[in-house]
Structure formats: structure tokens, C-alpha cells
Amino acid sequence: MTPPGAVQFCIRLLRRQLLLAVRRPLEIGNPLLFFAMVVALFPLGLGPTPETLAGFAPGVLWITALLSNLLTSDAVFRSDFEDGSLEQLLLAPQPLFMSVLAYIGAHWLTTGLLLAAVSPVFALMLNLPAQAIVALVASLLIGTALLSLIGGIGAALTVGLKRGGMLISLLILPLYMPVLIFGSAAVQAAVGGFPVGPYLAILGAMLCLAIALAPLAMAAGLRISIDA
Amino acid sequence: MPTRDSGVPVLAARSLCLERGGRELFRELSFTICAGQLWQIEGANGAGKTSLLRILCGLSRYGFTGQVERFAPLLYLGHQSALKALLTPRENLAFHVSGEGCYGDEQIESALARVGLYGYEDVASHTLSAGQHRRVNLARLLLSDATLWLLDEPFTAIDKAGVDELQALLASHVAGGGAVVMTSHQALDVSCDVRYLNLGTGLAA
């Protein structure tokens, strides 16, 4: 029997990761709940005036989405490292580049995609103008995929450490900043009635760059972590 | 199992040296493993058996000197079972991350039945015992057609009958032109020749 090709193997890994995620529904729900809780804190801290909230809404929604993504990125490779699956993955004849993309794809589908899907509800909570909601969802769809890819690099580098949670934040938060800048700028532009396209195009370009480069860094990080 | 030619080298190690914590575990270790051979790596605890296996399979890339050349697909079973507690044994084998072929349901069922897990195909793996976890892993040996098996303490947590079956399986793999390198503290009772690699004393025939 010949080993499956890279794409076929990717689909197998994606199905495996999604099945694992579905078996632990709490882990899918946690980032969404975190998102809801933090968004609910802002009216308490900033005051409930609709105008104040609307002014802060683009930034607040984006920062919260970023933090809830950060919360989960630590777990991308952790359980596979602990039970030895990661060793087997590294020995697979298929290119590791594609395999880690499958892991990140599954992570995005269970966090970023869902965050983007529920974000209109929280946008309404913060009184974000209706014309900016499409821009918010679009920027979050592209942006969270980027965040997952960048978070994966940190996860791959820290997976061998007992308590990598804090370190991963320090490692990848600086890399999150450009995503936050263009993501929240897209929403702000939509609020002001300016074209959103250029911001989304820049996010898309960053996503292309990350898809091409982040798996290389993740693969190298995993090899180092397994070797240590 | 496909028939393979005996005597064809499947793995060659040249002048391997490994140092850990300022202590030299082995040096100038050179050997060639050919199809049809069963190798047992011996040595006291901490002699570097697992480290050597990890170097041979390619998981360790740094920290040692020497070269390893692999000429055939290999299957490595380490200390950890690499099973997902949330998946059933069937799913664990069907979605295995080691990148081997896609197995049919019947293949997986017959492999699980042969390792004594008939009836456990669809229960969550976290309800299985440590020995049963090891047995699911052994089903991978039956499914795989890798030529070279690298097994790290394959008898751990396996009951007596299971050890006998596994030894028979190793012998039949070797007879079919495969090669096995394993670490174990147990003396092997197999029908084929065993080559010993004692990390304390070097090569022994």
C-alpha cells in the first residue's frame, strides 16, 4: 500500500483535528465565551453611552478577537506532543509543510471562523454602525486566519516547554500587531464611510505571505521541540 | 505481506557518537542493518538505547556526530502510544498521523482482532488500559508495510501471551524480508537469529 499523497494526507489530518475538536465542544465554546465576556466588560469600564461605545467598538472587537485567538493557539500541537503523535507526524513521508497547514486550518475553522461568524452579535452590543458589520466580518475572517498561522509558530516553538503559555504571548504578540492595525483600520474605515478594500487587500497579502512562510517556521520549530 | 529480498541494506549508521550531559554514551558506532535481520539493542538504563533509536529514525537531528542513511520506509514505535484518548481504536488507526496508507474498515478490524481487541474497535480509547493502548499500536505493525521497524521497548505493559504473539510477529516480519531493531531488557525467544548491539560493550554477533 502506498502512502497517501500530501493533499490526501492533509485532508485526513484535517478530518482528525476536526473530529477531535468536536469531541471536546467545550474547547470550541471557550474562546467564544471569552469573547462575549470581555466585550461585556467594556460598557462597564467605559460607560454605557452608545456614542462612546460606538467609537471604541472597532478596536475593542478586534483586540478581543485577537486575545481569544491567543488563548487557544497554545493548544494547537500540545496534546499531540504529550501523547507522542507529534513524533509520528514528523516521521511521516509527507511534507511537514502541508501537515502543519492542515493543523492550522482545523484551528482556524474551530476558532477564527466561528469568532467571525458570531462577531455581528457583539458588534450590535457595542453599537457598531450597521454599515461596518460586513467589514468587521470580512476583516476577522482574513485576520483570524493570519493570527492562527502566526500563533502556530509560537505554539511549535514552545510546545516542548512545561508552561509555554506566557512565553507564547510574548513571542507572538509583537507579530500580531500589524494584523490588528490593518484589521481595526478596515472597520474604522467602514464606520467613516471610506473604502474598505485597500485594508482587506493588505490583510489578504499578509495572509498569502504567512501561508507561504509560517509553515516553514512551524515545521522547523516542531523539529527543534521534538529534538530537545 | 510483500516479499522482499534479504540481505539488502535498509539502514546504515556510520561512526555515530553521542554525548549527553558531559558523558559519552557511545562513540564510533558503525553498523549496517540489512533486510532479514533482527537487532536487539541492549544496555543498562541510561545507556542511550532510546537516544540511539531516535537518531536512527531521524527524530534527533542535532547533538550527535556521524551519519545515518535510510534506504527503506520505516515505522517507529516510541515510549508513548501516540493514541488519541478521544478517538476510538478504529479512528486512531484510520486517521493515524504517521502518514501511512489509507486502510479499509475490514483491514483495521482484522488487525485489531489479531492483537486481541476484537469488540473494542468503537469504544473511546481513554477507557482502554495501558496494555490495550500498546496493543492498538501493535495493530499498526500488522497494517503497515514498512520494511524497517524501530521498536522502543515493545513489550512494555503487554501480557505474557501478547509477548509470545509479538515475538512470533517479529520473526515472521524478519522471515518475510523485513528488518527489526528493538530495545528490550527481556531475552528474546524467537525462531530467527538475533544480532545484539550492546551499548556497553559494542557490537556482538
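**Exercise 1. Determine whether Leu136(A) is buried or exposed, and describe its surroundings.**

Solution. Step 1: apply the burial criterion, by which a residue is buried if 20 or more other C-beta atoms, placed from the backbone, lie within 10 Å of its own, exposed if 12 or fewer, and partly exposed in between. Leu136(A) counts as buried because it has 28 C-beta neighbours inside 10 Å.

Step 1: locate the residue. Leu136(A) belongs to helix α8 (residues 133–158) of chain A; helices (H or I, at least four residues) and strands (E, at least two) are DSSP runs, numbered from the N terminus.

Step 2: list the contacts, defined by C-beta atoms, placed from the backbone, that lie within 7 Å. Neighbours within four places in sequence aside, Leu136(A) is in contact with Leu61(A), Ser119(A), Ala123(A), Leu128(A) and Val187(A).

The model is predicted: local features need pLDDT of at least 70 and side-chain atom pairs count only at pLDDT 80 or more, while totals for chains, interfaces and linings use all residues. Residues are numbered from 1 along each chain as its sequence is written, and chains are lettered from A and ligands numbered from 1 in the order in which they are written.

**Exercise 2. State which residues and elements form the contact between chain A and chain B.**

Solution. Step 1: count the residues. Chain A contributes 27 residues and chain B contributes 25 residues.

Step 1: assign the chain A side to elements. Two or more residues each come from α1 (6–23), α5 (85–91) and α10 (197–227) of chain A. Of these, α1(A) gives the most, with eight residues.

Step 2: classify that side. The side of chain A that touches chain B has 13 nonpolar, five polar and nine charged residues, where Ala, Val, Leu, Ile, Met, Phe, Trp, Tyr, Cys and Pro count as nonpolar, Asp, Glu, Lys and Arg as charged, and the others, Gly among them, as polar.

Step 3: consult the scores. The model has ipTM 0.88 and pTM 0.91.

**Exercise 3. Describe the open sheet of three strands in chain B and the helix that packs on it.**

Solution. The strands run β2-β1-β4 (chain B) with antiparallel pairing; two strands pair if DSSP finds at least two bridges between them.

Step 1: identify the edges. β2 (23–34) and β4 (64–70) of chain B each have a single partner strand, so one side of each lacks a neighbour in the sheet. From one strand to the next, the twist averages 10 degrees.

Step 2: examine one pair. Strand β1 (residues 9–20) of chain B and β4(B) are joined by six bridges in the antiparallel sense; Arg14(B) has Gln67(B) as its bridge partner in β4(B).

Step 3: place the helix. Helix α1 (residues 49–57) of chain B touches β1, β2 and β4 of chain B, and its direction makes about 130 degrees with that of β1(B). Axes are lines fitted to C-alpha atoms, for helices over the stretch in contact, and angles run from 0 to 180 degrees between N-to-C directions.

**Exercise 4. Identify the strands that pair with β3(B) in the parallel sense.**

Solution. Step 1: strand β3 (residues 38–42) of chain B pairs with strand β7 (residues 179–183) of chain B over four bridges. Leu38(B) is bridged to Val180(B) there.

Step 1: β3(B) also runs parallel to strand β8 (residues 194–198) of chain B, joined by five bridges. Gln40(B) is bridged to Tyr196(B) in β8(B).

How values were computed:
Two residues are in contact if their C-beta atoms, placed from the backbone, lie within 7 Å.
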